[in-house]
Amino acid sequence: MTITDWPRTAAEPAPETATPAAVSGTPQPVSRTPGIVSETPEFVSETVSGTGTESAPGRLTGTQKWTAGAIVVAALALAGIGLYLSFEHVADFAFTELRFGSLGKGQLFAVGVDVGIMVMIAVDLLMAWLKRPISWIRYPVWLLTAATVVLNAASGAPQGAWKLLDYVAAGAHGVVPVLFIMVVELGRTAIDRVVRPEQEERDSIPWLRWILAPVATARIFRRMRLWGVTSYPEMIRRDQQLIAYEQWLKRKYQGDISQASEDELLPMKMAPYGYTVDQALAMPDEQEQAAQERAEEAERRRLDAETRSEVAQAESQAERLRAQGKVEAVRAEVDGQTGQARAHARAQVSAAERAAALEEAALETAVIAEARAREAEAERKEADERQAKAAADLRAAELERQAAEKRKEAAEADRVAAAEAQAIETQTIAEARQATAEANRRAAEMEKAAAETQRATAETHRKTAEEERHQEIALATAARAKRDAAEAERAAAETRRAAAEIERRAVEAEDVARLTPRQRAVRKVARMILNADGQADRLPLADIQRELAVTSPGTASEYRQEAAELLVGGYRP
């Protein structure tokens with residue numbers, strides 16, 4: 001039998017797989033197989049989908065249903081006949097030969113085997129009907145059925161030598177069980193095809209091929225089962241392609257296939273693994289393409305990873321820049337607040353210094369003005385004294401003048417009286433004397449009045465001096481009070497200057513420590529508490545609100561509470 005004597009049951013090869021000339025560069029006539037192989041009759045394969053059968057309709061007609069019912073009834077009848085025939089033989093054989101002890105136990109054994117077979121067959125058919133077939137359940141059924149056949153055949157075995165009729169009798173005991181199993185398998189396959197029409201069915205290899213080429217057919221059967229090829233024509237086509245390709249290689253290398261390259265030998269090497277000639281020859285290109293695709297995929301993943309890394313770095317840099325911007329903004333805000341606090345402290349120090357200078361200048365001006373006022377008052381008093389003394393001297397001079405005039409008048413009167421007395425020593429002289437005495441009396445009164453005036457003037461001078469002394473004491477007291485007030489104001493200015501200096505140093509220390517605005521505010525309130533004799537309750541919330549420019553008394557109270565805790569913790573500016 002030659003290569004071209006393959007059975008004429010192979011399907012005609014597809015046009016796209018007719019020749020491997022495109023791969024190996026061989027001339028066109030090399031891949032043409034003899035016409036006996038490629039020209040297969042149409043009656044061999046009547047499949048549409050490679051299964052050997054057409055799809056069953058979804059629903060059964062009435063006639064088909066009646067037919068199926070009749071088949072089921074016949075199968076049940078066959079099962080009943082098989083059970084009836086094998087029951088008694090198996091029970092007797094189990095009792096007599098298998099040592100079950102009693103006929104009842106032998107019958108239970110026969111019933112158990114038959115019931116087990118029927119149950120597994122029922123489960124197999126049910127699961128096939130539910131489209132959930134259990135493939136392994138048929139093998140226990142076959143095993144138990146074979147055991148039943150053996151037991152039936154053994155029950156009919158002769159006691160002596162075997163004759164031809166004995167063999168026929170033993171075989172007859174197994175006909176019905178085997179027939180029943182065949183009917184069950186047929187029913188299972190029918191149910192599976194009805195409920196699952198879309199499932200491909202495996203083609204069977206013709207028995208003629210098994211007889212004519214058992215080794216090659218076994219190899220084909222093995223490849224079909226191993227690699228899931230359900231179509232027998234497809235498997236034949238693959239085998240024909242492989243044989244044709246091998247013949248082409250022998251022709252190319254003059255019968256020495258060992259000279260062929262590894263790529264050219266791939267179809268023979270990969271055929272046991274289910275590869276066709278075209279698939280095997282295309283494998284290097286596919287692998288190179290797959291390797292290139294893997295390299296491209298790896299490069300793409302690398303580029304994607306680099307892109308993601310760059311994006312992550314850019315996002316990280318952006319986040320870092322945003323964070324730096326926020327830090328710079330906070331730093332600018334803190335620097336602004338620090339500068340504002342420093343400017344405020346400098347302004348307070350400068351204002352305190354200016355206030356102290358102004359107070360000192362005002363104090364000096366007040367002292368000078370007071371000295372000048374005292375000098376002016378002393379000069380005024382001295383002028384008043386001189387004026388009063390002059391007025392007293394003027395009045396005394398006037399009195400002296402009047403007294404002199406009186407004395408002159410008296411002397412004139414004495415002279416006249418003496419003259420008249422010389423002439424007339426009468427009553428006229430007496431009257432003149434009387435007039436002189438009156439004039440002397442008047443002069444004495446005038447002198448007394450002048451003395452009284454001098455005494456009143458002296459009393460006035462004394463009272464004026466007393467008033468001036470009291471006024472000088474009052475002026476000295478006022479000057480002392482002003483001097484004390486100036487000293488107190490100077491001390492207050494010094495205290496304010498020291499407080500401003502402490503505030504400035506505290507602000508500088510807070511700048512070095514980079515404190516937050518709230519921490520700065522709490523420390524400022526702590527310094528205010530220290531300035532208020534160290535008692536937090538004595539510091540009004542209004543002063544905190546005014547100093548820190550806050551509107552909420554609750555916030556000011558929180559600041560005061562935190563400042564008190566800070567002082568308790570040992571804070572000293």
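Predicted model: local features only at pLDDT ≥ 70, side-chain atom pairs only at ≥ 80, totals over all residues.

Me: How far apart are Leu566 and Arg523 in sequence and in space?

Reply: They are separated by 43 residues in sequence, and their C-alpha atoms are 7.8 Å apart. For the chain as a whole, 63% of the contacts with a separation of 6 or more join residues 24 or more positions apart.

Me: Where is Lys524, and what is it in contact with?

Reply: Lys524 is found in helix α14. Apart from neighbours within four places in sequence, its contacts are His344, Glu503, Glu547 and Leu548. Leu548 in turn is in contact with Ala521, Lys524, Val525 and Tyr559, again setting aside neighbours within four places.

Me: How do I check the length of a helix such as α14?

Reply: Compare the expected span with the distance between the end C-alpha atoms. The 15 residues of α14 should span 21 Å at 1.5 Å a residue, and the end C-alpha atoms are 21 Å apart, so the two agree. After α14 comes Asp533, which has a positive phi, near 65°.

Me: Which residues of α14 are buried?

Reply: The buried ones are Arg520, Ala521, Val522, Arg523, Lys524, Val525, Ala526, Arg527, Met528 and Ile529.

Me: What is the idea behind looking for a core?

Reply: In soluble globular proteins, nonpolar side chains tend to be buried together. Here the largest nonpolar core has 16 residues, and those with the most contacts inside it are Val525, Ile529, Leu539, Ile544, Leu548, Tyr559 and Ala563. At least two residues of this core come from each of α14 (517-531), α15 (541-548) and α16 (553-568). α14 gives the largest share, six residues. There is also a second, separate core of twelve residues, which includes Leu78, Val141, Val176 and Val184.

Me: Val141 is in that second core. Which residues of α5 are buried, and what covers them?

Reply: In α5, the buried residues are Arg138, Val141, Thr145, Thr148, Val149, Leu151, Asn152 and Ala153. Their cover includes α3 (62-96), α4, α6 (164-173) and α7 (175-195). The length check works for α5 (residues 138-155) too: its 18 residues reach 25 Å between the first and last C-alpha, close to the 26 Å expected.

Me: Which nonpolar residues form a patch on the surface?

Reply: Val111, Val115, Val119 and Val123 form such a patch, with about 280 Å² of accessible area together. Val123 is found in helix α4 (residues 103-129). It counts as partly exposed because its relative accessible area is 32%.

Me: What totals should I note for the chain?

Reply: The chain has 16 helices and zero strands. It is made of 573 residues, of which 27% count as buried. Its accessible surface comes to about 37400 Å², and 58% of that belongs to carbon and sulfur atoms.

Definitions and conventions
Residues numbered from 1 in each chain as written. Heavy atoms only, no water. Helix = DSSP H or I, 4+ residues; strand = E, 2+ residues; numbered from the N terminus. Buried < 20%, exposed > 50% of the residue type's maximum accessible area, 1.4 Å probe, protein only. Contact = heavy atoms within 4.5 Å. Areas by Shrake-Rupley, 256 points an atom, 1.4 Å probe, with all protein chains shown as cover. Core = buried A, V, L, I, M, F, W, Y, C linked by side-chain atoms within 4.5 Å. Patch = residues over 30% accessible without salt bridge, like charges linked within 9 Å, V, L, I, M, F, W, Y side chains within 5 Å. Salt bridge = Lys/Arg side-chain N within 4 Å of Asp/Glu carboxyl O. Expected span 1.5 Å × (residues − 1).
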